[in-house]
Amino acid sequence: MAVTTARPRLAGEASRSRSTRRLRDEQPIGLPIRRTKPTWEKAFQRRLVVSDVVLLTVTLLGTQWFWLGIDTAQNLASLTPTSVPYGAATVTLLVLWSAALKVFGTRSPRVIGSGFTEYSRVASASFRLFGLVAIAALLLQFLPARGYIITAFPLGVGLLIGSRWIWRQWLRKQRRSGRYLVRVLLVGAPSSVEHLHAEFSRRRYLGFEIVGACVPERAVDDSVEIPVEQLGSFEEVAAVARRERVHAVALAGSEELPPEAVRRIGWRLESTGVDLMVAPAITEVAGTRIHTRPVGGLPLMYVDSPSYEGGKKSAKAVLDFGLAWLAVIVSSPLMLATAIGVKLTSPGPVLFRQQRIGLNGKAFDVFKFRSMRIGADAELAQLLQEQGTADTPLFKVENDPRITRFGQFIRKYSLDELPQFFNVIKGDMSIVGPRPQRAEEVALYDNAAGRRLLVKPGITGLWQVSGRSDLSWEDTVRLDLYYAENWSLLDDFVILLWTVKTVLESRGAR
């Protein structure tokens, strides 16, 4: 795959490192050299251009046909005082729209495949263009422009974003196969390099191939072990970047990397074609919470506090209530069939009720279709003890013998969760959020895990669509905390779409 986990620097390599260290970067600052951009970028950008033009052509011709038909020159006299043919307007708008997508950097290597940033640029470029079209149409009294604004604008933006999403999925697939990668050199103290390497390794879909690291002089001398190969010291960053043909240098936070050293590294890289990335000492923060502002030449990063109150929370509550009622109505035949199946396949009640801990530590009763035999709760402690996970706040039993045969089926497709829509209607839960846990599990929380209780628990959530029961407790907490501190209505919508895909694939359900 993409991220290279090179071996730690061995003692036998010390001579090579010392000799390299003597060869300080001899490249004069500012002297241009051969650029080292990834070879796949231009080919991928051409594909985006072709798909964008095709979709815009279909959108604009479809709009023209919908409103007036393709051959409409004879109709224009009654619609506008200008003598511009409708077809010429269509071609002009096609050229301008394509140009706007380029001017606003929607195909920039730094945003392609990034997701929200790329989509927002596409929407922003389109919105600005059609704003100008609306003003020009008003001044020129070109009435047919209304058809473009009403039809072509929303349809075109939807198709463009959908196309970029498809290309993004294709790009991720290629990167998992070791193609379309960006070669990255890490720079920082050993601990910072190790942390940044772990973050890049966790997000392999980003396509970063770690070629090695440059560390402080004392770390080179002491042969400090790190998860990637040591290629030099801070003084040799530009030289190593040229030698290894890297595409980007990532600076990890380090007190041993003072501002003056960062400036000099930037100077030496500015004409090489190598991008300079600065990784702050914060992680798991969504881009929507981060704002940069230059103050006297000092770039300051503002991180907004997590939003747990206000209008977004009210909007989420209203949507939860409405969607839960809709889900109950639509799924009522399925719930009836599930209830009959539970009743006919095992003795005991149809519904299972259990106390869970919700928002701000408040207890409530959660409802599920029963998928276990009667008395299953009394067996849990012994099963966890035998499994060796009694002290882990994620009470999941491998190959659980308490689950009935029909219970395995309804768990596989998450049918046992359907009654929880009534918990959402009652206000105890949300449709999207961290999973509610038992009081015994919550008692094992540390301070970080306790932040899961700052938002309402949900029927589905980020960790459920990221692996469900296959994830470790540490990964579960990490994903839940990311959601709790960065949630948005758009993210909820995306998670709901992922939930449908995950349930249909029946991945990781136990």
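## The chain as a whole

The protein chain has 510 residues, and 47% of them count as buried. The model is a predicted one. Its secondary structure comprises 18 helices and 11 strands.

Among contacts in the protein chain with a separation of 6 or more, 73% are between residues 24 or more positions apart. The accessible surface of the chain amounts to about 26,500 Å², and carbon and sulfur atoms account for 62% of that area.

## The nonpolar cores

The largest nonpolar core contains 28 residues, and the members that touch the most others in it are Phe369 and Phe421. Two or more residues are contributed to this core by each of the following elements: helix H10 (311-345), strand E9 (363-369), helix H13 (420-426), strand E10 (430-432), helix H16 (462-465) and helix H17 (473-486). Helix H10 supplies the largest share of this core, with six residues.

What does Phe421 touch, when residues up to four places away in sequence are not counted? The residues in question are Ala324, Ala327, Val328, Ile431 and Ile459. Apart from this core lies another, made up of 22 residues, including Leu186, Leu196, Val228 and Ala250.

## A nonpolar patch on the surface

Nonpolar residues also form a patch on the surface, which consists of Leu319, Phe321, Leu323, Trp325, Leu326, Ile329, Val330 and Leu489. Together these residues have about 760 Å² of accessible area. Helix H10 gives the largest share of the patch, namely seven residues.

One of the patch residues, Leu323, lies in helix H10. Is Leu323 buried, exposed or partly exposed? Its relative accessibility is 39%. Buried means under 20% and exposed means over 50%, so Leu323 counts as partly exposed.

Strand E1 covers residues 182-187. Because five of its six residues are buried, strand E1 is largely enclosed by the rest of the structure.

Strand E1 is joined to strand E2 (residues 208-215) by six bridges, and the two strands run parallel. Within this pairing, Val187 has Cys214 in E2 as its bridge partner.

Notes: Residues are numbered from 1 along each chain as its sequence is written. This is a predicted model: local features need pLDDT of at least 70, side-chain atom pairs count only at pLDDT 80 or more; totals for chains, interfaces and linings use all residues. Side-chain values use heavy atoms; hydrogens and water are left out. A nonpolar core is a set of buried Ala, Val, Leu, Ile, Met, Phe, Trp, Tyr and Cys residues joined through side-chain atoms within 4.5 Å. Buried means under 20% relative accessible area, exposed over 50%, partly exposed in between (1.4 Å probe, protein chains only). Helices (H or I, at least four residues) and strands (E, at least two) are DSSP runs, numbered from the N terminus. Contact means heavy atoms within 4.5 Å. Patches are made of residues with over 30% relative accessible area and no salt bridge: like charges are joined within 9 Å, nonpolar side chains (Val, Leu, Ile, Met, Phe, Trp, Tyr) within 5 Å. Accessible areas come from the Shrake-Rupley method with a 1.4 Å probe; for residues, only the protein chains shown count as cover. A salt bridge is a side-chain nitrogen of Lys or Arg within 4 Å of a carboxyl oxygen of Asp or Glu. Two strands pair if DSSP finds at least two bridges between them.
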